[in-house]
Amino acid sequence: MSKKAYFYIDDVIWPFRDIMEERPKSIFDQRLLKILKEAHEIYGLKVTLNCFYRTDYSYSDYEFSLAEMTDVYKSEWEENSDWLKLGYHAKQEFPDYPLINVEYDDMKNEYMRFVKEVKRFAGENILMESINPHWWPVSKDGCRALRDCGIKLFSCTYGTVKDYNGDPASLPYGHAFRLMQNRKPESMLFFREGRDTAVSNSLCAYNHLNEDEANEIHGTFKTIYNEELGIHFKKFGNGICLNTTPLDEIKKDMMTCVNSEYVCCATHEQYAYPEYFAYQPETKEKLFEMCRVFKENGYEYFFVDECLEF
């Protein structure tokens, strides 16, 4: 079996807003989608856009939701659904950990609202059967609701869990409040490795793997089957996150994982926008550098849903 690469972009909503504001001839005239199309044509890139349903008021008073997205470009979305997919991420960017203690009905209603709009303006074939939730954790009730909506594969956290010590200072960004608000029994803490040490103490919920389970499937097409709910868990990302990796370190960091049969890299949409406070003008160069490394090491792109077929 050939080596496979999966790539996704989280927090996506602004391209839809841009298209409605600019009314371009093609969706690929939009700044981010244009870059992705070019990478597809040159390197065969396939990509999943994990989408918010609406913009967040934290950026401005201007509100936009997928309900406002025109269906004029539906055929173009459908024609490119072999390499470009849309997945659910959350209702909006804030608060953090939006699904950690979510109730069944709230989760089902929110997800189906997203699906309804995407089918309307982009067609059914563009939707994923997997989910990479915003900040990852989803309650057991939320996982059950998403299963009932057709989701088969869940991205998850992994590591040794621990209970909350009651000190809000032990968690960043007000995350103690997110943990405790309507807290479910499965909502816990775990140590998260990565460049962003501010979130080393992170939250987890039902879609979580222990170290042994994570090690068993790391770098492979394998998933962990949850018999109780009849769903599959997988840590999607085992490669790099482009927006946290300097351009000149991308190749070096990727070389630590390109011997695996499965490698997943990711980024976030905001860093491609000059108006974002942490804008990265090298966004395109980073993407193309990742693509070059994958090509040099014999990878073909696929969608993580396909892991369930192997």
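Predicted model: local features only at pLDDT ≥ 70, side-chain atom pairs only at ≥ 80, totals over all residues.
Partly exposed means a relative accessible area between the buried range, under 20%, and the exposed range, over 50%. Arginine 144 has 31% relative accessibility, so arginine 144 counts as partly exposed.

The partner of arginine 144 is aspartate 141. Their closest N and O atoms are 3.3 Å apart. Both residues lie in helix H5, which spans residues 140-148.

Lysine 251 and glutamate 296 meet through their side chains in a salt bridge, at 3.7 Å from N to O. Lysine 251 belongs to helix H8 (residues 250-254), glutamate 296 to helix H9 (residues 283-296). The two are 45 residues apart. Lysine 251, at 40% relative accessibility, counts as partly exposed. Glutamate 296 counts as exposed because its relative accessibility is 54%.

Salt bridges can also share partners. Arg17, Asp18, Arg31 and Glu275 are joined this way into one network. Within it, the side chains of aspartate 18 and arginine 17 form a salt bridge of 3.0 Å, N to O. Are these two residues buried or exposed? Aspartate 18 has 2% relative accessibility, so aspartate 18 counts as buried. Arginine 17 is at 13% and therefore also counts as buried.

These pairs are among the 19 salt bridges that the structure holds.

Technical notes
Residues numbered from 1 in each chain as written. Heavy atoms only, no water. Salt bridge = Lys/Arg side-chain N within 4 Å of Asp/Glu carboxyl O. Buried < 20%, exposed > 50% of the residue type's maximum accessible area, 1.4 Å probe, protein only. Helix = DSSP H or I, 4+ residues; strand = E, 2+ residues; numbered from the N terminus.
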